[in-house]
Amino acid sequence: FLERIPVLEGKRAAYLVTGFFPPNIGCKQAVAAMKTTCEAKGATSIGSGSLSRLTLGRKKKVEQVIEDLAGLL
C-alpha cells in the first residue's frame, strides 16, 4: 500500500503494527520498513506502537498504545 502512494510531503506518519509474536520478532522490522518508505516519500515520522497477541496484560497494553499514538496528534 505505501509503495503505491506517490508523495507524502508535509504529512505526519505514526505506525501501528500488530502481530502474534513478541515485538522484537517482526514488529520492529515492520515499523522500520514503513518508516523508511514513508520518509523517502517526504513524510515526517512522529511515532510508533506495536501490539503482540502474546503480550501479558494485553488489554492494558492496547489502551496504552492507543493513548500514546493519540497523544502524538
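1. Contact here means heavy atoms within 4.5 Å. On that basis, cysteine 38 touches Leu2, Leu8, Tyr15 and Ala43, leaving aside residues up to four places away in sequence. Keep in mind that this is a predicted model.

2. Overall architecture. The protein chain has two helices and two strands. Along the sequence they follow the pattern β-α-β-α. The C-alpha atoms fill a box of roughly 40 × 25 × 15 Å along the principal axes. Among contacts with a separation of 6 or more, 68% join residues 24 or more positions apart.

3. Burial and surface. The chain has 73 residues, and 25% of them are buried. Its accessible surface is about 5300 Å². Carbon and sulfur atoms account for 59% of that surface.

4. The core. Which residues make up the largest nonpolar core? There are nine: Ile5, Leu8, Ala13, Tyr15, Val17, Cys27, Val31, Cys38 and Ala43. Strand 1 (12-19) and helix 1 (27-40) each supply at least two residues of this core. Cys38 is one of the nine. Its contacts include Leu8, Tyr15 and Ala43, and these three also belong to the core. Leu2 is touched by Cys38 as well.

5. Threonine 37. This residue lies in helix 1. Is threonine 37 buried or exposed? Its relative accessible area is 16%, so it is buried, the cut-off being under 20%. A polar atom of its side chain lies 3.0 Å from the backbone oxygen of alanine 33. Threonine 37 also touches Leu2 and Glu3, not counting residues up to four places away in sequence.

6. The surface patch. Phe20, Phe21, Ile25 and Leu54 form a nonpolar patch on the surface. Together they have about 420 Å² of accessible area. Phenylalanine 21 is found in the loop between strand 1 and helix 1.

7. Proline 6. This residue sits in the segment before strand 1. With a relative accessible area of 69%, proline 6 is exposed; the threshold is over 50%. Where does serine 45 stand relative to proline 6? The two are 39 residues apart along the chain, and their C-alpha atoms are separated by 17 Å.

Notes: Residues are numbered from 1 along each chain as its sequence is written. This is a predicted model: local features need pLDDT of at least 70, side-chain atom pairs count only at pLDDT 80 or more; totals for chains, interfaces and linings use all residues. Side-chain values use heavy atoms; hydrogens and water are left out. A nonpolar core is a set of buried Ala, Val, Leu, Ile, Met, Phe, Trp, Tyr and Cys residues joined through side-chain atoms within 4.5 Å. Buried means under 20% relative accessible area, exposed over 50%, partly exposed in between (1.4 Å probe, protein chains only). Helices (H or I, at least four residues) and strands (E, at least two) are DSSP runs, numbered from the N terminus. Patches are made of residues with over 30% relative accessible area and no salt bridge: like charges are joined within 9 Å, nonpolar side chains (Val, Leu, Ile, Met, Phe, Trp, Tyr) within 5 Å. Accessible areas come from the Shrake-Rupley method with a 1.4 Å probe; for residues, only the protein chains shown count as cover. A salt bridge is a side-chain nitrogen of Lys or Arg within 4 Å of a carboxyl oxygen of Asp or Glu. A polar contact is a pair of N or O atoms within 3.5 Å; within protein, one must be able to donate a hydrogen and the other to accept it, and residues adjacent in sequence count only if both atoms are side-chain atoms.
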